[in-house]
Each structure stands twice: as C-alpha cells, then as structure tokens.
Amino acid sequence: MEDKILSLKTVAWKDNKVVMIDQTKLPSELVFVEYNDYKDVANAIKMLIVRGAPAIGVSGAFGLALAALQSSANTKDQLISDLESAKKILFETRPTAVNLAWGLDKIMNVAKNGSDVSEIKKSVVQTAQQMAEDDVKINMKMGKNGSVLFDDNDTVMTHCNAGALATVGYGTALGVIRATKDSGKNIKVIATETRPVQQGSRLTAFELHHDGIDVSLIPDTAVGYTMANRLVNKVVVGADRILRTGHVYNKIGTYQVALMAKQHGIPFYVAAPLSTFDMKSNPENVIIEQRKGTEVTQIGDKKTAPDGIKVINPAFDMTPPELISGIITEAGVAKPPYEESIKKLFEAKK
Ligand code: RUB
C-alpha cells in the first residue's frame, strides 16, 4: 500500500472529477474519494479529507472548476454568478490558510477574463490543473533553496505535516528535508505527534518512513526534553499564512516549539510557497479556526475526557518573527528583518 500511496498525488483532476486521498483514513487504510460536485469538495476540505495549506488551495481551485462544469448558465454573467456562489461555499470551509483564498481568486480572475461560457469552462479547468502541476515544481525549488541551510548529520524537528500530503506532492518543510537528503547529506528527523488530529504521527512519520528517511516520533510534550538534551539541532515547519511582517500562522503548537528552540539556541525555519503569504492583513485580522471539542475529548472513538467538559481547540497559532531564523520560499530564503526581505522576494518574482 505504501508504494502506491506516494506515487499518487494527494489531489488530482481526472476525467472531469477531483480525486483525493482520504487523509482521515491514513495510515491504516488507503482510500480514494472522487467528486464531481463542488459541494463535496467543500465538505472534504472541512472534514480534513484533504488538508495542508497548499493542498487546500489547489482543492479549492478544482472545486471551482467543478462548479463551472456543473453550471447550466447560458451567459458569461450567469456563469460568474454561479462561480461566486460556489466560491463562497468553498471559502467558508477553513478560515486560516490563505492559500484557499489564493486558489479561489486565481480561478475567478481567469473566469472574469474569459470571453464566453464554453471558453471560461475550458480555461478554469486548465488553470486549476496547471496550479496542481506548478505546486510540485515550486516545492522542489523550495527544497533546493532550503537544503543549503542544513548540514550533514543534522537532526531536524518538524511539527504537523508539511509534506507531500499537505501539498499536491513533494512537500514544503518535508520537501526541504527530502532535498537535503538528495543532496547527499545525512539527515535525521524528529516528528512531533501533533495532537489533537495527529498529522505528525499519522502523516509525517508515515511519509518519511516510506521514503527511508530516519524518523523518530515524539509526543508533543517531549519537545523540551529533546531540545534540552541536544537530540535535535534545527527545526523546520510549514505555514498556513505568513504576514508581510514575518508573523507565521501554522498548526497549533508551532509557537511553543519556536519558543523552546529560541531558549535552546536552535535555528527555527519555516518553509512555504509565496501563495502562503498574506501581504495585506495584520495579526488582528487573521481568524484562527476553532475546531470541535471531540477532537480533544476522544482519540478515535475512545473517550479520553469526562462528559460535559469544556474544551478550547484552536487549530493554529501565531509565531512572531523574532523567533524565526529564516523563511524558505521558491524565490529564496528571507532573513530578518522580514518586512524588507519578504518585500524583496516578491519584487524579485515580478
Ligand atoms: C496543516 C498545517 C501545516 C501547513 C503546512 O494544518 O498546519 O503545517 O498547512 O503548509 P491542517 P505548507 O492539517 O489542519 O490543514 O505545506 O505550506 O508548509
């Protein structure tokens, strides 16, 4: 099963359908789901069947492409209005990763610039497919840019899953680890379990173990222990949104990993594509997704907390720029001060 899984894309377009790996079933079962209704894609994003910032960006784009094919509009205006309604439903699934809005906006722009119904339908499908192809290329470039920051025999900690399964393929933070290994350096990984949804143990440990990369799994509570005992000497994580000031939003727990890394003098890197940057918002405008309490009060179907207990379950937190040693992108590595270096990355891309 493992060979099959990673030779396939996390999300793909096939015969006018969206095909996804159902990540809620991993690592025990390989299940593919196929959708021809954009509302099912929206539900898949909400239920974490597909997750990870770049993967939901491309899934949103594929969702809109389905909405275009589903539309019975006869005029361009009607089709744009159908797409706007679908965009709203897809957008409201998850609020924190900015890639979703990026993917949806990109498709809407293509649609608005199209001339007639059939041309728009064709071009939105083509654009969404191109976005999926570009995602893998961007990750490989990012991996190469980041690999120079890692040395032979490094042990690198990562949190959550910023791997092939969080993207269309290859991964962001795990892409950097893959590229470092491919450059001939020996690299070991410590993956945090990442409670409550366990993307670290279910997905990251699975991906790296499959690729033959030395990976040890730790409970989230062992981050301090591994750092204090010098079992780790660098950290690399992904991101769901990065502000122009270098504030990084990523999976809950990232902030405490970054703080502990600072305390122990361990470099803390973030790897994310330019589509993860939100150059307009300030921290007060970013919505942190709050998820259902049962993710915390149960493990699978097993109850692990008393009935009726109050739960706080934020899905993401914010790591301030002063804790971050560098932000790895496909356009290069931004270093502090971030306001300046991030601006330069975007200018260089033009
Ligand atoms: C995913 C998460 C990942 C980033 C990775 O959260 O926080 O670290 O999305 O993104 P969830 P990238 O599983 O709740 O979607 O691949 O851009 O680094």
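**Exercise 1.** At what angle do helix α3 and helix α5 pack, and how far apart are their axes?

*Solution.* The model used here is predicted.
Step 1. Locate the two helices: α3 covers residues 53–70, and α5 covers residues 99–113.
Step 2. Read off the geometry. The angle is about 30°, and the axes are 7 Å apart.
Step 3. Classify the angle. Angles under 35 degrees count as roughly parallel, and α3 and α5 are therefore roughly parallel to each other.
Step 4. From α3 they include Ala 53, Ile 56, Gly 60 and Leu 64, and from α5 they include Leu 100, Gly 103, Leu 104 and Ile 107.

**Exercise 2.** Describe the packing of helix α6 and helix α7.

*Solution.* Step 1. Helix α6 spans residues 117–147 and helix α7 spans residues 173–182.
Step 1. Their axes are 7 Å apart, and the packing angle is about 65°.
Step 2. The crossing of α6 and α7 is right-handed.
Step 3. In α6, the residues that take part are Met 142, Gly 143, Lys 144, Gly 146 and Ser 147; they meet Gly 175, Val 176, Ala 179 and Thr 180 in α7.

**Exercise 3.** Which residues of α12 are buried, and what covers them?

*Solution.* Step 1. Helix α12 runs over residues 338–349, 12 residues in total. From first C-alpha to last, α12 reaches 16 Å, close to the 16 Å expected at 1.5 Å a residue.
Step 1. The buried residues of α12 are Tyr 338, Ser 341, Ile 342 and Leu 345.
Step 2. These residues cover an arc of only 100° around the axis, which puts them on the same side of α12.
Step 3. On the other side of α12, the exposed residues are Glu 340, Lys 343 and Lys 344.
Step 4. The cover over the buried residues includes β8 (241–243), β11 (277–278), β15 (326–329) and β16 (332–334).

**Exercise 4.** Is Glu 322 buried or exposed? Answer likewise for Thr 297.

*Solution.* Step 1. Glu 322 is in the loop between β14 (316–319) and β15.
Step 1. The relative accessible area of Glu 322 is 54%. The cut-off for exposed is over 50%, so Glu 322 is exposed.
Step 2. Glu 322 and Ala 258 are 64 residues apart in sequence, while in space they are 9.7 Å apart, C-alpha to C-alpha.
Step 3. Thr 297 belongs to helix α11 (residues 294–297). Its relative accessible area is 13%; buried means under 20%, so Thr 297 is buried.
Step 4. Leaving aside neighbours within four places in sequence, the contacts of Thr 297 are Lys 302, Lys 303, Thr 304, Ala 305, Ile 309 and Val 311.

**Exercise 5.** Where do cis peptide bonds join Leu 26 and Pro 336 to a proline, and what is the phi of Cys 160 and Gln 198?

*Solution.* Step 1. Leu 26 and Pro 27 are joined by a cis peptide bond with omega about 5°. Pro 27 sits in the loop between β2 (17–21) and β3 (32–35).
Step 1. A cis peptide bond also links Pro 336 to Pro 337, with omega about 0°; Pro 337 is in the loop between β16 and α12.
Step 2. Cys 160 is not a glycine, yet its phi is positive, about 65°. Cys 160 lies in the loop between β4 (154–158) and α7, and is buried at a relative accessible area of 7%.
Step 3. Gln 198, also not a glycine, has a positive phi of about 65°. Gln 198 is in the loop between β5 (187–192) and α8 (199–210), and counts as buried at 17% relative accessibility.

Technical notes
Residues are numbered from 1 along each chain as its sequence is written. This is a predicted model: local features need pLDDT of at least 70, side-chain atom pairs count only at pLDDT 80 or more; totals for chains, interfaces and linings use all residues. Side-chain values use heavy atoms; hydrogens and water are left out. Helices (H or I, at least four residues) and strands (E, at least two) are DSSP runs, numbered from the N terminus. The expected span of a helix is 1.5 Å times one less than its number of residues. Buried means under 20% relative accessible area, exposed over 50%, partly exposed in between (1.4 Å probe, protein chains only). The arc is that of the directions from the helix axis to the C-beta atoms. Contact means heavy atoms within 4.5 Å. Axes are lines fitted to C-alpha atoms, for helices over the stretch in contact, and angles run from 0 to 180 degrees between N-to-C directions. Angles under 35 degrees count as roughly parallel, over 145 as roughly antiparallel, 65 to 115 as roughly perpendicular and the rest as oblique. A crossing is left-handed if the near helix is turned anticlockwise from the far one by less than a right angle, and right-handed if clockwise.
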